[in-house]
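Hi,

Here is the structure we talked about. Please load it first, then read the notes below.

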Amino acid sequence: MAKPDPALLDLARYPFTCTMEPRFGDLDVNLHINNVAMAGMLEDARVRFHHRTGYRELLAGRTSMVASIAIEYLGEASYPQSVAIACAVEHIGRTSHHLAQLVIQDGRPIVFARVVLVVVGPEGPSPLPATFAASARPWMLRA
């Protein structure tokens with residue numbers, strides 16, 4: 001993945017932000033938050049985002065799964081400073097949607113991630129409910 005558009009590194013564009021405290025066990029040998037721990041923090045932020053948005057109800061009996069995730073490490077994250085993780089719906093397709101995530105520590109962007117989530121029904125990939133796009137509008141990446 002190419003470096004993200006600088007406009008995607010603007011925290012004000014994201015409708016949701018949560019704060020997380022790194023754990024000592026998240027550190028690598030260089031005393032930075034390691035890549036696996038950061039991926040876990042991004043996952044936790046997505047779950048919090050989905051909880052806040054009523055995501056499960058929006059899927060109307062369907063579920064979703066991560067089809068791909070691309071993480072761009074822009075800087076080093078350290079311990080014990082907290083990180084702010086922002087989330088926004090970036091794109092809505094027919095059976096999938098994309099989330100953008102931004103991690104900020106000490107006022108600087110350190111991680112940008114894009115996640116593709118596919119909606120799944122009993123027979124496999126399933127179209128998003130007709131009401132999904134309108135319901136997700138408040139959670140879209142702001143212009």
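Start with R46. Setting aside neighbours within four places in sequence, R46 is in contact with V66, I69, C87, L99, Q101 and V115. Keep in mind that this is a predicted model.

R46 sits in helix α1, which covers residues 35-53. R46 is buried, yet it has no salt bridge. Which side chain of opposite charge is nearest to R46? That is E43, 4.9 Å away.

Now the strands. Strand β3 spans residues 83-92 and is mostly covered. How many of its 10 residues are buried? Seven are.

Strand β3 has these partners:

- Strand β1 (residues 16-20) pairs with β3 in the antiparallel sense, over five bridges.
- Strand β4 (residues 96-105) runs antiparallel to β3, with eight bridges joining them. H91 stands opposite H98 in β4. The hairpin from β3 to β4 goes through three residues.

One general point for reading the strands: in a regular strand, side chains alternate between the two faces of the sheet.

Best wishes

How values were computed:
Residues numbered from 1 in each chain as written. Predicted model: local features only at pLDDT ≥ 70, side-chain atom pairs only at ≥ 80, totals over all residues. Heavy atoms only, no water. Helix = DSSP H or I, 4+ residues; strand = E, 2+ residues; numbered from the N terminus. Buried < 20%, exposed > 50% of the residue type's maximum accessible area, 1.4 Å probe, protein only. Lys, Arg positive; Asp, Glu negative; His and termini not counted. Salt bridge = Lys/Arg side-chain N within 4 Å of Asp/Glu carboxyl O. Contact = heavy atoms within 4.5 Å. Pairing = 2+ DSSP bridges.
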